[in-house]
Structures are given as structure tokens and as C-alpha cells.
Amino acid sequence: MDYVSALVPPIVMAAFFIALVVTIVKTQGGANKAKEDEAVDAVIARAEAARQPRK
């Protein structure tokens with residue numbers, strides 16, 4: 001029975017990791033992609049505007 005208690009933590013961590021990867025892959029693209037791209041573009045535009053020297 002010691003081998004069962006030794007294998008449970010890695011199996012649980014592997015299951016959580018697989019679930020995380022599946023969630024990340026599912027949320028890429030589709031309706032979320034446009035929203036994420038919009039947010040990234042806004043952050044980049046804000047950073048570039050802050051970097052421009054004032055005249």
C-alpha cells in the first residue's frame with residue numbers, strides 16, 4: 001500500500017496540470033481573442049504614449 005500513497009500526489013498534480021493546459025488552450029481564440037487583443041493593444045498604446053517626448 002505504500003506505493004499507492006507514493007503515486008497519488010504526482011497523479012493528482014498531473015491531473016491538475018492537464019486541466020490547466022486544457023483550460024488555457026480552450027480560452028485561446030474565438031470571442032476571447034478579440035477582447036484579449038484589444039486589451040493588449042490598449043496597454044501597448046498607453047506605454048508608447050507615455051514614452052513619447054512632450055513637445
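**Entry 1: the bend in α1.** I began with helix α1 in this predicted model, and I found a kink of about 30° at V8, shortly before the proline P9. I then looked up the extent of the helix: α1 has 26 residues, and from its first C-alpha to its last it reaches 39 Å, which is close to the 38 Å expected at 1.5 Å a residue.

**Entry 2: what follows α1.** I went on to G29, which follows α1, and noted that its phi is positive, near 80°.

Entry 3: I looked up I11, which is found in α1, the helix of residues 2–27. Is I11 buried or exposed? I recorded a relative accessible area of 56% for I11, and I call this residue exposed because the cut-off for that word is over 50%.

**Entry 4: R51 in α2.** I turned to R51, which lies in helix α2, residues 30–51, and I found it exposed, with a relative accessible area of 67%. I checked R51 against D37 as well: the two are 14 residues apart in sequence, and their C-alpha atoms are 21 Å apart in space.

**Entry 5: the chain as a whole.** I counted two helices and zero strands in the secondary structure of the protein chain. Its radius of gyration is 21 Å, well over the 10 Å that the globule rule gives for 55 residues, so I describe the chain as more spread out than a compact globule. Along its principal axes, I noted, the C-alpha trace spans about 75 × 25 × 5 Å.

**Entry 6: burial and surface.** What share of the 55 residues is buried? I found that buried residues make up 0% of them. The accessible surface of the chain comes to about 5,200 Å², and carbon and sulfur atoms account for 69% of that surface.

Technical notes. Residues are numbered from 1 along each chain as its sequence is written. This is a predicted model: local features need pLDDT of at least 70, side-chain atom pairs count only at pLDDT 80 or more; totals for chains, interfaces and linings use all residues. Side-chain values use heavy atoms; hydrogens and water are left out. Helices (H or I, at least four residues) and strands (E, at least two) are DSSP runs, numbered from the N terminus. Buried means under 20% relative accessible area, exposed over 50%, partly exposed in between (1.4 Å probe, protein chains only). The expected span of a helix is 1.5 Å times one less than its number of residues. The bend at a residue is the angle between axes fitted to the seven residues ending there and the seven starting there. The radius of gyration is taken over C-alpha atoms; the globule rule is 2.2 Å times the number of residues to the power 0.38. Accessible areas come from the Shrake-Rupley method with a 1.4 Å probe; for residues, only the protein chains shown count as cover.
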